Number of protein chains: 2
Amino acid sequence: MAKEIKNKKASIVSIGNEILSGQTIDTNASWLGGKLLSIGIPVVSSYTVGDCLDAIVRSLKLASDDAELVLITGGLGPTDDDLTRQAFAKFLGTELLLQNELLQKIQDFFAKRNLQMPAKNKIQAYIPAGAKALINNLGTAPGIMAEVSGRLFFVMPGVPSEMKQMFEELVLPELLQLLDGRAVVVKKLRCFGTGESNIAEMLGSLMNRGRNPQINCTASYGVITLHIIATAEDRDNPALSEVEGAQRMAEKDEKLLTELLGELVYGTGRQTLAEVVGEKLAQQNKTLAVAESCTGGTLAKLLTDIPGASGYFTHGWITYSNAAKISELGVPADLIENYGAVSEQTAAAMARCARKKAVSAFGIGVTGIAGPSGGSEQKPVGLVYICVDSANGCETKRFIFSHASNRAKRRDRDFIRLQAAQTALNMLRLKLQI
Amino acid sequence: MAKEIKNKKASIVSIGNEILSGQTIDTNASWLGGKLLSIGIPVVSSYTVGDCLDAIVRSLKLASDDAELVLITGGLGPTDDDLTRQAFAKFLGTELLLQNELLQKIQDFFAKRNLQMPAKNKIQAYIPAGAKALINNLGTAPGIMAEVSGRLFFVMPGVPSEMKQMFEELVLPELLQLLDGRAVVVKKLRCFGTGESNIAEMLGSLMNRGRNPQINCTASYGVITLHIIATAEDRDNPALSEVEGAQRMAEKDEKLLTELLGELVYGTGRQTLAEVVGEKLAQQNKTLAVAESCTGGTLAKLLTDIPGASGYFTHGWITYSNAAKISELGVPADLIENYGAVSEQTAAAMARCARKKAVSAFGIGVTGIAGPSGGSEQKPVGLVYICVDSANGCETKRFIFSHASNRAKRRDRDFIRLQAAQTALNMLRLKLQI
């Protein structure tokens, strides 16, 4: 089967009434499309069908007409409307067989939680004859892998976290084995501090289509990710293995882009700002305390999302009311009265008080108006003051984070809060650069 | 043609390389699915293809085999890789004809912006012979409508804002004209406190396929959503309008399910636990303070995600270190020494101290082991104690939230933290029930 998949295409089948009815947006297909492209397998078609046996079987036929690799997600749950298992068996022309090992795993899953396995979950231990089960470490639905006349099929759960884990742990290694003779290395650079179009201008022709490595750009809540996709074939350079060749190309571009973008680049791979800040704090043996108003815990949450955060993050205050700012942090009441809770002065006092109370190297204070109400002409929704205090003094900055249409008030609030917390981390990062 | 579409189905075709490669998530299909369902037209299939003439033609054939109504988005731009127009003409077996009126409109679009129309945009003024143009008020790409042997086709731009406006202004009115005599009402119930399969067992035959209202179930981080989809026709009950009829059916089921599931149901529509808890606190004029250890701000963030949270949430402490628990909250040092930071006693002391310091009606304390490290046999990763303290005394509960494989340590940590924060909100909710 080696080299089977080389230069081959993929098709995706997403299954679930909730996708067709618009109750759930199918992010799985898009995520898989990006993953497959990053190893050089283009997705040529994608089918979405409801929980209907015949429709699923038909879509599997169509997908396998289109491509040598078919990835299927959804419909593996325990309830009667989950029919992917049955449909896949019908498509393969085989029957579902109970796998006792799987049944045991599912029973263990419940037992660990001091629960009895509901009778309905037993169906998840059935796999089409001749196919292979893919173990699901996050849920009860095993995936299924099968090969039919040179075509490879992977069935995965629809729950995105379960699907992603299964793809990365079990599906991707299978695919990489089949890519013999060609190597694709993807490196990612993570940037913060400017917009996508600005970065595109800074990089110019490096982002041209057809260039190898190919450089793609995606943006999410202010974080710009540059994907460097280097492809090398065995014939490119006989002195190097394909992987070494692709690796060298990607590294060369990584260095080039890092030089061009300077301190806008905060990390690589999947690193988050909180992770990079945490690493630097740990390396420099420094601690951090935060005092949050408008972000209401978002900054502390980002910091403590990182395993081991307790090594450098010890104290956080969410002083949502003025009274809390005064009693818990010790911000002077007359300062709030004179300048307002949303002011440069209050942000600075919050950062200083937090640092002092926690006896930490750094203190961060964030105060602003997350909306949707509470804004005025002088202090509009989106106005945020952020202060980073340290032994070298304190730096306070004023921001107005994008406040968009009236129709999206809730999303706007989320955006402003996350943007404020990320910007605070970025201010601290720049202070931690050596 | 009136009533042609009645009891009919739809299929969606999304066109664009950027969707297949994962650079863009296709939100159009989902949005259209929701819109169509709300007028009683179920989407039965959805196809995504790249910018390739033959693939588009094939998908149009497949979609028109599936359904009487076909909605197509994307590929109407002016560049050479936009091929939907050409493919639609080929599918219809006709030619593209220049429509001078459309050309004028496109030229006007540029003129208004003091720009010359680029030559490439002329292609957008071509429409298949026999089809009708749909005016785009937001961009240069007109849509296309055509009817072929009782099947209706609408081609719309891929830019979501342009697509949505065109659908609501031009497509929806056409569809409503054809729908006379049927209405669909969708209601959602939100549940917390048990799993999907358990709820399915409790509801039994109510979830049978083909039942009207149809009841679907989706799950996300412990929140189970039940979708009640009621369809009524004018012949069902001549004394009621179809909308009233469907409304009554949905309400009847909503009541029935709420009775069956009891306090597992926390809300309706898109309500979150934090929203419901916030509403109840506001109604009862009660305040809340939280002291978090392992959740590290997650609980405070969920609470302050809700606009207006400052009305009932005033104080939060993230006491990530033992020192912070002692100095900031006043948890007795010997209590932590005797029982450990992760213990029923510490959780209770945190909740009590938070309530006392904030002078609030409720105090919540959360302490646990989010992992990946820090677990032991007695106190494994996932162990969390949650206490809700009030004038009626305090209730502390012990949980072990799912701890899965080693490879997913980070996601596991997120899961445990979010699950702990949601469970804390749910414990408070049950105390706020009147």
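The legends below describe close-up views of a predicted model.

**View 1. Domains of chain A.** Chain A is divided into domain 1 (10-177), domain 2 (182-268) and domain 3 (273-432). The centres of domain 1 and domain 3 of chain A, taken over C-alpha atoms, are separated by 43 Å.

**View 2. The four-stranded open sheet of chain A.** Four strands of chain A form an open sheet in the order β10-β11-β9-β12, with antiparallel pairing.

**View 3. Pairing of β9 and β11 in chain A.** Strand β9 (residues 182-192) and strand β11 (residues 223-233), both of chain A, are joined by 11 bridges in the antiparallel sense. Within this pairing, V184(A) stands opposite T231(A) of β11(A). Strands of a sheet pair through backbone hydrogen bonds, either parallel or antiparallel.

**View 4. The side of chain B that touches chain A.** In total, 64 residues of chain B are in contact with 63 residues of chain A. On the chain B side, at least two residues each are supplied by α2 (27-38), β2 (43-49), α7 (196-203), β10 (214-220), α10 (298-304), β14, α11 and α14 (409-432). The most is given by β2(B), with seven residues. Sorted by class, the side of chain B that touches chain A has 23 nonpolar, 28 polar and 13 charged residues.

View 5. Strand β2 (residues 43-49) of chain A and β2(B) run antiparallel and are joined by five bridges. Across this pairing, S46(A) stands opposite T48(B) in β2(B).

**View 6. Helix α11 of chain B and its surroundings.** Helix α11 of chain B spans residues 322-329, and its buried residues are A324(B), K325(B), E328(B) and L329(B). Seen down the axis of α11(B), these buried residues fall within an arc of 105° and therefore line one face of the helix. Their cover includes elements of both chains: β14 (313-319) of chain A, and β13 (288-292), β14 (313-319), α12 (333-339) and α13 (344-358) of chain B. Just after α11(B), the residue G330(B) takes a positive phi of about 90°. Helix α11 of chain B is also among the elements that each supply at least two residues of the side touching chain A.

Methods: Residues numbered from 1 in each chain as written. Chains lettered and ligands numbered in written order. Predicted model: local features only at pLDDT ≥ 70, side-chain atom pairs only at ≥ 80, totals over all residues. Buried ≥ 20, exposed ≤ 12 C-beta atoms within 10 Å, placed from the backbone. Arc of directions from axis to C-beta. Contact = placed C-beta atoms within 7 Å. Nonpolar A, V, L, I, M, F, W, Y, C, P; charged D, E, K, R; others polar. Pairing = 2+ DSSP bridges. Domains from an automatic or database assignment.
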